[in-house]
Each structure stands twice: as C-alpha cells, then as structure tokens.
Amino acid sequence: MSCFISSGYTLDCRTSSVGGLKNLWILGDAGNNVSGWTENANRAITSVSGAGTFYLFQLTKQGSSFTENVTVNTTAQSVVFEPTLLINLPRFSQSLRNTFQDLVALNNVYAVIEDNNGRYWSFAFQNGALVTAGGVQTGLAYSDLNGMAALTIVGGEPNASQEILVTTTLQAVFTGITVQS
C-alpha cells in the first residue's frame, strides 16, 4: 500500500449537509457475520456478503449520532479507527428492555447507519463492536426520555467506516444477509 494523498477536498454549499441519523440496522441472529465486501475505485462499498438479518431500528429526530475518532501510536506506527454510535430509543417497554438486554449480550455488533443526508455507512464491518455504556430510564419530568438512553456501541477498526452505495434498495447490496425494511 502506498502512503500518499491522491486528491484534495472542495467545500460544497453550506446547505448540503444535515447532522444526525435517520435509521440504524444491526446484524442479528445466530451465526451472523459480514464475511466480505467489494469496493469501487473511490473505496465505497458496492456489495456485501455474509449471513444473518440486519434488523431496522427507526431513530427519533436529533436523538442518535455517529462519530469516528482515530488513535495513532507513533512509536508502534499503528492507527485504530474507533466508530461510535450513541442511540436513544423512546417508550420503555418489555420489548425495549429485551432488545437492550440482547444488544448488551452481543460479542460482535455489525451495523449499517443511514444519516440524515440519505447516505449509508458501514459500522464495524471488520472487527465488530461492543455495547460499552447506556441504560434504560423512566425519566423524571413529563418531557424526559422514557426509554433506552445513551446506548453506546464502540468498535476498533483498521480502516475508517465506508459509504455503502445504494442505487435501488439497501437489500440489493447484500448477498446472504436479509435487510429488514
């Protein structure tokens, strides 16, 4: 692998980017995995193979986020990308409690996120991620969150998250994996 920059960056209009997440899909079922993917010349994902079902989590407006930090060790010459999801889901119920319990128990969380710009992104496709924090709460005031609060899912990856190119449907990108809609 060569170590150089092959392009620059040009600013677009200030109205062309919106923060936050719209939807999240988490890979579930026994034997779930992302076994491989193909990329185009820009390193965007064009197809994904594996096993299991990506379950849809509809997210509230301005209620969840994705960040990715990088940790560099100059002595070891290592680079680790740390994708992080912060999720809030309203309406505490037995079903949400069970989902919370199941997510915490997973050894490898693989996810796809859709941002509010209609772009899809891979999340921890190589090493999987883990739930590291969060809880459920009833809230105190009438307007407080009653539900799953600040569920944090963190990964450690050798490469940054990649955009998944969706030209028709998200399901069309996957082979061997079902995507709930």
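## A tour from pocket to core

Start with strand β1, which gives three residues, the largest share, to the lining of the largest pocket. Strands and helices here are DSSP runs numbered from the N terminus (helices H or I, at least four residues; strands E, at least two). The model is predicted: local features need pLDDT of at least 70 and side-chain atom pairs 80 or more, while totals for chains, interfaces and linings use all residues. Residues are numbered from 1 along each chain as its sequence is written, and side-chain values use heavy atoms, without hydrogens and water.

**Stop 1: the pocket.** Select N42, W121, S161, Q162 and E163, which lie nearest the centre of the largest pocket among its 39 lining residues. Then colour β1 (21-39), β3 (65-73) and β5 (111-115), the elements that give two or more residues to this lining. A pocket is an open set of points on a 1 Å grid over the protein atoms alone where a 1.4 Å probe fits, with protein on both sides within 12 Å along at least five of seven lines; lining residues have an atom within 4 Å of a point. The volume of the largest pocket is about 1,300 Å³, counted as the space filled by probe spheres set on the points, which are joined across faces, edges and corners.

**Stop 2: a loop.** Go to the loop between β2 (45-58) and β3, and pick Q62. Is Q62 buried or exposed? Its relative accessibility is 83%, so Q62 counts as exposed (over 50%; buried is under 20%, partly exposed in between, with a 1.4 Å probe and protein chains only).

**Stop 3: the cores.** Select L24, I26, L85, I87, L151 and I153, the residues with the most contacts inside the largest nonpolar core, which has 21 residues. Such a core is a set of buried Ala, Val, Leu, Ile, Met, Phe, Trp, Tyr and Cys residues joined through side-chain atoms within 4.5 Å. Now centre on I26: beyond its neighbours within four places in sequence, its contacts (heavy atoms within 4.5 Å) include F57, L103 and I153. Another core, of 16 residues, lies apart from the largest one; show F54, V112, F125 and V173, which are among its members.

**Last stop: the whole chain.** Buried residues make up 35% of the 181 residues.
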